[in-house]
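Student: I would like to go through a protein structure with you, question by question. Can we begin?

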Amino acid sequence: MKFDFSTKFYPAQAFRVGDVLELSIRGVTVAFRYSPPGRFLMGQSDGERSDYVCVPQREVRLTCGIWLLETPVTQGLWKAVTGINPSYFQGADARPMESVSWNACRKFIRELNKIGIAPRGLTFDFPTEAEWERACRAGTTTAYNFGDVITENDANYARHIEETTPVKSYEPNAWGFYDMHGNVSEWVFDASISFQPLPELDPVAKRGDHRVVRGGDWTQDERRCESSFRSNFNVCYSDSNIGFRLALRNSRPNASR
């Protein structure tokens with residue numbers, strides 16, 4: 001179902017998983033999908049084989065749903081908001097934005113909120129790490145949101161293509177999100193911390209100069225594209241394999257921007 005916030009304010013209980021919110025942001029049409037509140041198992045499952053970073057599995061409860069952009073932020077959207085395109089791989093507005101630091105993405109989000117594009121009652125934001133993984137998994141507990149095996153037909157990874165591909169080049173997950181595995185790694189709000197295998201409520205790590213990236217990218221092997229894999233970089237770091245994905249939220253558990 002699609003919702004139009006320009007004419008009506010909707011209560012949160014009106015939304016269902018995968019519902020669509022379309023916006024025109026300075027002439028660029030983008031779609032957000034609804035990721036609902038609920039419980040899920042976050043971290044490394046039995047099917048996930050990554051030995052780079054061991055992330056203990058634990059139950060996480062998210063008390064608020066969010067609207068999450070169904071693709072990574074594209075170069076077309078970035079240019080529409082900022083007027084520039086610092087990405088390494090250019091030539092198509094549908095390519096994911098990359099070569100942007102966490103600080104640059106935060107500035108982009110602040111600009112969006114300053115110019116008043118967000119629908120009534122909503123605020124642009126990063127997703128938290130837990131929100132990102134819940135949307136990525138879309139109810140699954142396998143290594144990837146489509147199973148325990150990944151191939152070149154599923155995602156852009158392991159330098160099979162040697163560059164980014166336009167968003168939506170591969171099938172979305174069950175909740176309608178594209179490119180959650182491969183293409184570009186995605187900045188989330190959280191600082192990098194260690195986890196314990198204990199239940200958590202709305203987890204978010206607010207402070208730190210190293211921020212987490214999720215999802216793997218075109219340069220990384222299959223293990224670094226698994227649903228639980230996480231890495232981190234300094235907030236000033238940028239590279240041609242790192243982008244981000246916008247969220248829209250009612251409440252802001254990470255409201256320190």
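Student: Which residues of α1 are buried?
Tutor: This is a predicted model, where local features need pLDDT of at least 70, side-chain atom pairs count only at pLDDT 80 or more, and totals for chains, interfaces and linings use all residues. Residues are numbered from 1 along each chain as its sequence is written, and side-chain values use heavy atoms, with hydrogens and water left out. Buried means under 20% relative accessible area, with exposed over 50% and partly exposed in between (1.4 Å probe, protein chains only). In α1, the buried ones are Q75, G76, L77, W78 and V81.

Student: What do the buried residues of α1 pack against?
Tutor: Helices (H or I, at least four residues) and strands (E, at least two) are DSSP runs, numbered from the N terminus. Contact means heavy atoms within 4.5 Å. The buried residues of α1 pack against β2, β3, α2 (102–114) and β12 (242–244).

Student: Which residue just after α1 takes a positive phi?
Tutor: Look just past the end of the helix. The phi there is about 85°, and the residue is G83.

Student: In β6, which residue is the bridge partner of S35?
Tutor: β3 and β6 (residues 66–69) run antiparallel, joined by four bridges. In β6, the partner of S35 is I66.

Student: How many residues of β8 are buried?
Tutor: β8 covers residues 185–191. The strand is mostly covered. The count is seven of its seven residues.

Student: Does β8 run parallel or antiparallel to β12, and which residue in β12 is the bridge partner of E186?
Tutor: Three bridges join β8 to β12, and the two run parallel. In β12, E186 has as its partner G243.

Student: In β10, which residue is the bridge partner of A191?
Tutor: β8 is also joined to β10 (residues 210–214) by three bridges, and these two run antiparallel. In β10, the partner of A191 is R211.

Student: Which element gives the most to the lining of the largest pocket?
Tutor: On a 1 Å grid over the protein atoms alone, a pocket is an open set with protein on both sides within 12 Å along at least five of seven lines, a cavity is a set of points where a 1.4 Å probe fits but cannot get out, and lining residues have an atom within 4 Å of a point. The largest pocket is lined by 16 residues, and T29, V30, A31, T71 and T74 lie nearest its centre. β3 (28–35) and α1 (75–82) are the elements that give two or more residues to this lining. With four residues, the one that gives the most is β3.

Student: What is the volume of the largest cavity?
Tutor: Its lining is S35, P36, L62, C64, G65, I66, E131 and R134. Grid points are joined across faces, edges and corners, and a volume is the space filled by probe spheres set on the points. For the largest cavity this is about 40 Å³.

Notes:
Pairing = 2+ DSSP bridges.
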